[in-house]
Structures are given as structure tokens and as C-alpha cells.
Amino acid sequence: MTDLYQSQRAMRNMRQAAMQRGVIAILDVGTSKIACLVLKFDGPEPEREDGLGSLAGQSQFRVIGAATTRSRGVRFGEIHTMQETERAIRTAVQAAQKMAQVRVDHVIACFSGAHPRSYGLAGEVQLAEGQVSENDVARVLAACDVPDYGQGREVLHAHPVNFAVDHRTGFGDPRGHVGNRLAVDMHLLTVDTPAVQNLLYCIKRCDLEMAGLASSAYVSGLASLVEDEQELGAACIDMGGGATGVSIFIKKHMIFAESARLGGDHVTSDIAKGLQVPVPVAERIKTIHGGVHATGMDDREMIEIGGDSGDWEKDRRKISRTELIGIMRPRIEEILEEVRAILDVAGFDHLPSQQIVLTGGASQIPGLDGLAARILGHNVRLGRPLRVQGLPQAATGAAFSSSVGLCLFAAHPQDEWWDFEIPAERYPARSLRRAVRWFKDNW
Amino acid sequence: MWALKPHERERWQDNGRADPAPSRLAYRLNRLWLTPLVRSATRVGLPALVLALATGLYLKDDGRRAHLASGFEHLKRDLQERPEFMVTLMRIDGASEAVAAGIRAMLPVELPASSFRIDLETFRATIAQIDAVASVDLRIRPGGVLQVDVTERQAAILWRTAAGRLEMLDAQGHRVATLTARDARPDLAVIAGEGAEDHVQDALVLIAHARPLAPRLRGLILVGERRWDLVLDRDQRIMLPETDPIAALNHVIELDRAEDLLSRDVAVIDMRNDYRPTIRLSEAAIASLRGQTVDKTKVNGQ
């Protein structure tokens, strides 16, 4: 636990260093594409009384470089072939650097796979002084009983979601409150360690320093849910190439995240198999002609699927759009059923608001919102990421919601467990630092 | 890398084109090149270094350096000796013959010469050192004429030095020139005595007031650097007090006018004490006075 704590704190310090240099890179390692954005921080804008600011507080950074490249060696949102992925990351980073004309050394990355699993934690401490101090917050966070999440798992996010002082609950920031007992609810997200380590290794091989790591389900929720959705409760479905991330937000905190190992690439491979065409052709047919609702018009719309086998009959094949939809729809339904199952497990039904937001590259299939409404519930909308300053037009689509969310994550990270000081009791018994902490806390 | 259109993606795979990924070395070099320090060093530092090195190597040889220097000198001389910059003659206005000749002798270069070689400021200072020159104005006029406008000092008084020479002084007491003979300037009065040259203004005031005596005035002598003696012909002397000598002088002039004092055989009129002006008779006068007095008493007495 302490090891993870240290490494996450090291990443936070790295992020601080990057903020001081003013340039940081965002890396979204996806199954179908790797996107790299270079952010420039101009320093915080002057604080206002009401806490608002221009561009929803996003004006303090702008995107000065952006590049995407076809992802290689990534499957289900996890790195599969290290060298290939490393080369793809290099390509994206170099192209983004070229556009930005500046060298970046710090990178914040996200990935969608690695079996994210959510845990709800609760902790409780008695307040010594009758008033909640920063030290008490650290103590209550340390007092959470950590579940046994198994070997080979690592904590990726640990958000304190809710604080309660005595019988009053719902505090975001309990400092200064008077009471006898402080309790916390914490959301813990664990992922497979090897996937994280592979990613860290690839990024290290690219001479970049990690300044943060996030789950792509979380960051796409940050980018594509609007503020009241985050406040009242909503689920964000990030339909990527190899994995579909589900994250549930309420009160501006993520309370659940999970990912289904199914995505747009499976639709493509279905088309490739069903129509006997190469995968790139299938991808092209999917993006241009794809859909989920067949109409009478679609029977008459013929698609040339081509081929260069040399066989005239094979190269002149045509299919109707209905046939294409007939191939795509079952797979998309399967993905949505999987999402439904995840939401059921998470207890999404019990949330006050049933809003569902679809985002990610695969959500751009025409008619998906209608299909999703049948399977997931009525309140479904398609989400596109927030607009951030300087983002190229080509990177404003739904496929970039996790990249944009990562920008927001870089600019305003939520408090995590490791942002608080370790309480003195957690230090080793004979540590000098323990003595120093004791002095600091008591004088 | 926005090549995400499906057909382009197709091309990548179908033609078996190389992966667009940069090699590790290329990536590192690219990052190095984007480092600001390296960039500025390469863009500015390296060319500057090469330039400095090349110049240094070229100038290492003495012969080349000398050749460069002589070439530069030649060029400079060529430019300076263009007809536009040449000064062909010097024109001196406002100076007497002797002073003009002196100025001509002082010119450091031989005309015609380039105007770059005439240092007007130094030349002006040199000319200003001549006693007879009060102020001088130098300029080079178009047409290559060095114009020298001289204002000469006006001699106001003569000064007999301790060595016996006669110097002409102006109204401020500055030396103008040496006079060989007193006859050359009969219009000027003479002053003498230790420190007299520092009190020329007082002397001039006195001389102005002594105008009624002018035909007989021979000069003024400063006594003890504090008071004046007026010397008239026939060795007559008017000793003036230190304070308010003009009133004393006027007193003497009034006496002369009323009593015809100065035409008598008086050697010294001592006005130093204004309560008690004193007259000293000459030797002859005393003798004759005594003789006459004896005679008179004799005649009268008899």
C-alpha cells in the first residue's frame, strides 16, 4: 500500500513540476488509435468571488499540439506488443511535439482495459479536538479498511467521495466542522498491475516521465458529462475500439467504473469475417455505411465491397446496407447488453437520475442512441467532449472524449487519497520522519 | 498524423509501407532539437563559433594582419584626401600682421591638407594661448578654407616690470605684448610697482579721474601692493591713500585749480591722511624759500 502511495505521490510531484514548466503531454493509449495532445499552461487566471471563470475554468490551459496515430500492439485497451506500442507512442508524441514546436518531458496517460474493478470503502475516526483538521482527514482516509483486492492488482484511483461528521453527511470538504466523529466513503479503483507496468515501461522507453495515470472510463466521464449530470448522477459509456468503459458519476465524483472487453473493433472483425473482406476495408465500410436500424431504403442501397483478388466475381461483390446492418447490429446489441449487465451489477437502477451518455469512437454509429435507449433505458444521449481551447477540429469528436477528459484531469485533478499527508502513525515506528511529523502536528 | 481516413489507412497496410514511427535515435534527436538551449546553441552559438574560429585562423598570420591594416590605412587616406575634404588655404580675420604671422606659424600641418588631419579644437587652444588674442573662432568653410576669426586684446595700459621692460596690458590686466619703446604708445599711461599688473582696473579708474592732470601725468606706482602714487613730470608725486583714493585725488585737483598747487615747486603731496594733507617741497624750493625768507625778513626787518 505504501509503495503505491509513494509512486502515486511521485506522479503528483511530477505533475507539479510539469505545471511549473507549463507544458505537459496527454497520451490516450487506445485500441484503435493513440492520441497525444500537448497542453500549455498559462498559469491560473485570477480567482473570482463566485469560483466561476471563463470557459468553465478551462482557460488556464490550451492545446498547442495534437496528433493521433493508428494504434499498434494494443488489444482490449491493454498493451499486447510492447515494441509496437512503443513505436506508436513515439510517433504520436513526436508529431504532437512537432506541431507544438516544444519538447515535452511529462506525460499523463490513460488506458481503458486492465479489468478495472470498483470498491467502496468506509472509514471512521474519533475527533480528538472536536473540530476536523487536515490531519483528521488524512487519518480518516488512512483508517479505511482496504479490501483484499488480490495479488497483481494495483490501486489506480482512490477518491474520497463523501465525508460525514457525526450524523451530518454529504460534505465535500469537512475541514473546520465541529463534531466528535468523522467518517468517509471512498471509491477505490483497482486495475491489473502488469498492464500498468507495461504502459509505464513503454512510456519510459520514450524518455518521458509519468505525471499521472487515469482510467479512460473516468476521464471520458469528466469530459462528456455536463456539470449537472455529474452532480445528479449519470453513467458514461465510453465505447472504444477494444473495450467499452462504464463509469457512474454522482455528486461530481466517480462512484463506479468497469469496462467490458468488447468494442468497435469487434464490429469491424465481424464485418470482415461476414463479408470476406480485409479488416481495413471492413473498417471503411463500417464508418461510411454502418448503422443499426434497417429501413426499406437500405434494401436498395447497394455497397460495393471490392477486393483485389483478381477474380472478377469476387471483386465486383455488392451487398445491401441492410445486410451490413444485419451483421453489425447483433454485435452492438451484445456490447450494450454487456453494459446493461455492468450497470445492473453496479446498482445504477437505484440512482436518482437515470441519465446515460454514450461517447467514444464507436458511439458514432448512426442510430445507436435509439438502440441504446431500448436496451439501457430512456435517458440516453450521445455525448461529445467539452470544448477546450486550441483543440483542432479533427480532435473534437466523440472519439476524443478520453483525451479531452485527460486534459481536464491534468488541469484540475480531483483529490485522491495520496494528496493528503500520511498520518504519523503510518510511518515506520523508528523513523525520524515520524518524529518530525509528531513535532509538526503538535506545535 | 491526421491520416486517419480509411483509404489512407488501407494504403499503409496494403502497400506494406514502412511504419511511420521514428526510430529511437531519430526520436531522441528530434527531442534534442526541440530543447531550447540546444536549439539556440546550434542556431547562434555554432555559427558564431565557426565565424570566430575562421577569423582567428585567418588573422593568425602577421603578414595577413599587416596587409589588412595597410589596406585599411590606404583606404582611409584615399577617402580623407578626396578634394572635397582638402583644406587649401587659411584665412585669418581680425588679427594684426604680427599675430596673423604667428598663427600661420602655429598651424601644425602644411596646407593643402585633409580636413581630417586638422584638429580644430587643439589648434584653437593653441591660438588662444597667444597673449594678444582674446578669443578665436575656427571653422572650415566650404571650398576648403580654414577660417580663423580672431578678436585681439586691446592694450589699455603700460606696465613697467621690475626688470625694466614695458608690457602692454589690457583692461583686465592680461598681458598683450611687450613694448620696446615708450614712444610707440604715448597715449597709454604707465604703471609700476610690485603687483601693479593685478590692479590695472583701479589704475584705469584713477587715470580716468586724473584727466585734468593728464598732460603732466607720467604714471602710477603701486606702493606696498595697496595704494597708489601718482607721478607727474618734474618728479612731482601725489601719494594717495589706500581707501577712497579718488576723493583724495579730486581734492588735489581742486587744490590745484584753486591754489595752482602743482605748478609750484612741490615735490610730494601726501594725501594718505585725509585729515592732514601734507606737502613736501623740493630741495631747491626749500633752499630758495629759506633764502627768500631770510632776505625778506632782512628787507622787511630793516
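Mentor: What follows looks at the cores and then at the confidence figures for chain B.

The model is a predicted one, and the predictor gives the complex an ipTM of 0.76 together with a pTM of 0.66. The largest nonpolar core holds 110 residues, and those that touch the most other members are Cys36(A), Ala96(A) and Ala109(A). Helix H11 of chain A, which covers residues 321-346, gives the most to this core, contributing 10 residues. At least three residues of the core come from each of domain 1 (117-191) and domain 2 (264-330) of chain A.

A second, separate core has 40 residues, including Ile157(B), Leu222(B), Met239(B) and Leu249(B). Turning to chain B as a whole, its secondary structure comes to nine helices and 14 strands, and buried residues make up 17% of its 302 residues. Among the contacts in chain B with a separation of 6 or more, 47% are between residues 24 or more positions apart.

As for confidence, chain B has a mean pLDDT of 82, with 90% of its residues reaching 70 or more. Within chain B, helix H3 (residues 36-59) has the highest confidence, at a mean of 93, whereas helix H1 (residues 6-14) has the lowest, at 46. The pLDDT is below 50 over residues 1-16 of chain B, a stretch that has 24 contacts in the model beyond near neighbours in sequence.

Note on methods:
Residues numbered from 1 in each chain as written. Chains lettered and ligands numbered in written order. Predicted model: local features only at pLDDT ≥ 70, side-chain atom pairs only at ≥ 80, totals over all residues. pLDDT = per-residue confidence, 0-100. Helix = DSSP H or I, 4+ residues; strand = E, 2+ residues; numbered from the N terminus. Contact = placed C-beta atoms within 7 Å. Buried ≥ 20, exposed ≤ 12 C-beta atoms within 10 Å, placed from the backbone. Core = buried A, V, L, I, M, F, W, Y, C linked by C-beta atoms within 7 Å. Domains from an automatic or database assignment.
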